[in-house]
Amino acid sequence: MTGELSVLVVEDEPLSLDELVHVLRGVSGVGHVAAAPEATSALRLLRHRDFDAAFLDIGMPGLDGMELAAVLSRLARPPAVVFVTASQQHAVDAFGIGAVDYLLKPVSAGRVRQALDRVRRARAAPPPPAAAPPEAGGDLAVLKVETGGRIRYVRREQVRFVEAHGDHVRLDTRDGRFLVRMSLSTLERSWTRAGFLRVHRGFLLALRAVEDLRTDAVGQLVAHTAGGDVPVSRRHARQLKEQLFAAAREGRVGGARR
């Protein structure tokens, strides 16, 4: 993208707020930087202008950073979200709701520049094509997708995993990613018997798509697929392992890699 980035910083600790604003204003390519001490003030600022990026603290009074990010995702032009926090414990949830980066305090100027590079790439990328919501009572085994003035149909067996994305879900398939305006719970109810498992509050996973299970850099269990890694919460880990074992014995895994 061209032009300078406009950035909103939301942080309830005054010293951390001032420090991050100072760092951002010293980065080449950053124009306007606005500061807010909590979510309510941030939302007032957003009434008057759009921002390219929002750097959000997570642990704040009132609306926390996660809740504020969910509100921002519903804007007509949502900013790219970067979380800034003192703990790694929310990292998986942060990326699960679409954050472009996750910074640990104290934040260095170098990491801020890396985060802004990710913001630029996110803003420059074309939005994923939106899929039409299924008709009431329709068969969720096939979803109609409208993209580029054309209509195509995405079959359930093409989907490797589904990610909650605001009031939409994003389908990851071999042919790309597609947004559908519906809840993850709706697809979970319809697709569970077809070999899909809710492995995280923000993800629904096709068992056949799993290539292996791994532990990431922060010790989080993830299911590796050809479309990327899917986080697995602790409460779902045992069920996933048991179902993968059963599926492997029956030859029902790995089919989505082709």
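This is a short tour of a predicted model, stop by stop. Residues are numbered from 1 along each chain as its sequence is written, and side-chain values use heavy atoms, with hydrogens and water left out. Because the model is predicted, local features need pLDDT of at least 70 and side-chain atom pairs count only at pLDDT 80 or more, while totals for chains, interfaces and linings use all residues.

**Stop 1: the largest core**

Select Val 7, Val 9, Leu 24, Phe 55, Leu 103, Val 112 and Leu 116. They have the most contacts inside the largest nonpolar core, which has 23 residues. (A nonpolar core is a set of buried Ala, Val, Leu, Ile, Met, Phe, Trp, Tyr and Cys residues joined through side-chain atoms within 4.5 Å. Buried means under 20% relative accessible area, exposed over 50%, partly exposed in between, with a 1.4 Å probe and protein chains only.)

Now color the elements that each supply at least two residues: strands E1 (5-10), E2 (30-36), E3 (53-57) and E4 (80-85), plus helices H1 (14-25) and H5 (109-124). Helices (H or I, at least four residues) and strands (E, at least two) are DSSP runs, numbered from the N terminus. H1 gives the largest share, five residues.

**Stop 2: Val 7**

Center on Val 7. Not counting residues up to four places away in sequence, Val 7 touches Leu 24, Val 30, His 32, Val 33, Ala 34, Phe 51, Ala 53, Phe 55 and Leu 116. Contact means heavy atoms within 4.5 Å.

**Stop 3: H1 against H5**

Show both helices. Leu 20, Val 23 and Leu 24 in H1 meet Ala 109, Val 112 and Leu 116 in H5. Their axes come within 10 Å and cross at roughly 65 degrees. (Axes are lines fitted to C-alpha atoms, for helices over the stretch in contact, and angles run from 0 to 180 degrees between N-to-C directions.) H1 and H5 are therefore roughly perpendicular, a label for angles of 65 to 115 degrees.

**Stop 4: Ala 76**

Move to the loop between helix H3 (65-72) and E4, where Ala 76 lies. Is Ala 76 buried or exposed? Ala 76 counts as exposed because its relative accessibility is 89%.

**Stop 5: the open sheet**

Finish with three strands in the order E14-E15-E16, an open sheet with antiparallel pairing. Two strands pair if DSSP finds at least two bridges between them. E14 (212-215) and E16 (228-231) are the edge strands, each pairing on one side only. Four bridges join E14 to E15 (residues 221-225). Pick Arg 214: its bridge partner in E15 is Val 222.

How values were computed. Parallel < 35°, antiparallel > 145°, perpendicular 65-115°, else oblique.
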